[in-house]
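Okay, thanks for coming, everyone. I've got one model to walk through today, so let me put it up.

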Amino acid sequence: MTIRALAFDLDGTLVDSIADLARAANAARADLDLPPLAEATVESYVGDGAHSLVARTLADDYTAQWTDSAEQQHAMQRFDLHYKAGLTIATRFYPQVQETLHALHELGLPLAIVTNKPERYTLPLLRELGVSERFEVIVGGDTLPERKPSALPLQHVLDRFGVAKDEMLMVGDSKNDILAARAAGCPVVAVAYGYGSDVSALGADHVIERFSELLEFVES
Ligand SMILES: O=C(O)COP(=O)(O)O
Ligand SMILES: [Mg+2]
């Protein structure tokens with residue numbers, strides 16, 4: 001396969017954002033007189049967007065659904081306030097991410113972000129980390145009517161880049177990334193270090209341990 005473009009998941013793939021997400025989730029819980037959750041617990045609740053994260057962290061239950069209740073709305077407001085105030089206090093790129101993005105850019109490949117994180121967090125976070133300019137297209141969880149695992153965000157990027165589905169590599173860390181890539185017909189590589197548990201069982205085309213291994217897929 002010839003790769004002519006790449007689309008990246010954000011949380012758990014490009015950046016380790018758990019400390020800031022957990023801090024905001026626990027600050028929201030404290031506002032509601034609830035005790036804090038362990039970072040690993042919050043990590044297990046990330047992946048389906050902010051509403052889902054707030055519903056799960058409020059209930060401390062992975063199966064909790066967003067129902068738009070008054071309590072959930074209140075928790076969302078508190079989470080929003082705390083998270084926006086500290087998007088990048090501890091959030092950092094995983095090793096080799098910046099160098100590899102630079103190398104891919106130098107190869108002339110257009111790069112996109114396809115995240116379930118809402119735009120109001122995604123865009124300032126990328127700005128604060130100084131990489132907004134690296135990505136020609138940024139799709140957040142609320143940019144389009146559907147988010148991952150829907151194919152829609154990746155189809156949007158394919159249209160913008162004008163490349164065929166088998167020419168764009170999706171890179172992610174969790175089940176939603178792989179399902180979205182499959183639904184869109186894109187090849188997919190999973191990073192082993194992200195938030196998805198047992199990523200090797202998720203059915204990606206390849207699993208990589210280090211981000212720089214991506215270069216092998218575009219230079220072959
Ligand atoms: O914010 C989320 O729910 C997950 O974000 P991601 O799609 O970048 O992993
Ligand atoms: Mg992710």
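I'll start with the ligand, then go to the annotated residues, and finish with the nonpolar cores.

Quick housekeeping: this is a predicted model, so local features need pLDDT of at least 70 and side-chain atom pairs count only at pLDDT 80 or more, while totals for chains, interfaces and linings use all residues. Residues are numbered from 1 along each chain as its sequence is written, and chains are lettered from A and ligands numbered from 1 in the order in which they are written.

So, what sits around ligand 1? The shell includes Asp9, Asp11, Val46, Asp48, Leu53, Thr115 and Lys117, where being near means a C-beta atom, placed from the backbone, within 6 Å of the molecule. It splits into three nonpolar, five polar and four charged residues; here Ala, Val, Leu, Ile, Met, Phe, Trp, Tyr, Cys and Pro count as nonpolar, Asp, Glu, Lys and Arg as charged, and the others, Gly among them, as polar. Domain 1 (5–16 + 91–219) and domain 2 (18–84) both contribute to this shell, so the ligand lies between them. Those bounds come from an automatic or database domain assignment.

Is Asp9 buried or exposed? Buried, because it has 31 C-beta neighbours inside 10 Å; the cut-offs are 20 or more other C-beta atoms within 10 Å for buried, 12 or fewer for exposed, and partly exposed in between, with C-beta atoms placed from the backbone. Asp9 lies in the loop between β1 and β2 (15–16), strands being DSSP E runs of at least two residues and helices H or I runs of at least four, numbered from the N terminus. Asp11 is in the loop between β1 and β2 too, and counts as buried with 26 neighbours inside 10 Å.

Last, the packing. The largest nonpolar core has 38 residues, and Leu6, Ala7, Leu154, Val157, Met168 and Met170 touch the most other members. A core here is a set of buried Ala, Val, Leu, Ile, Met, Phe, Trp, Tyr and Cys residues joined through C-beta atoms within 7 Å. Apart from it lies another core, of 21 residues, among them Val46 and Tyr121.
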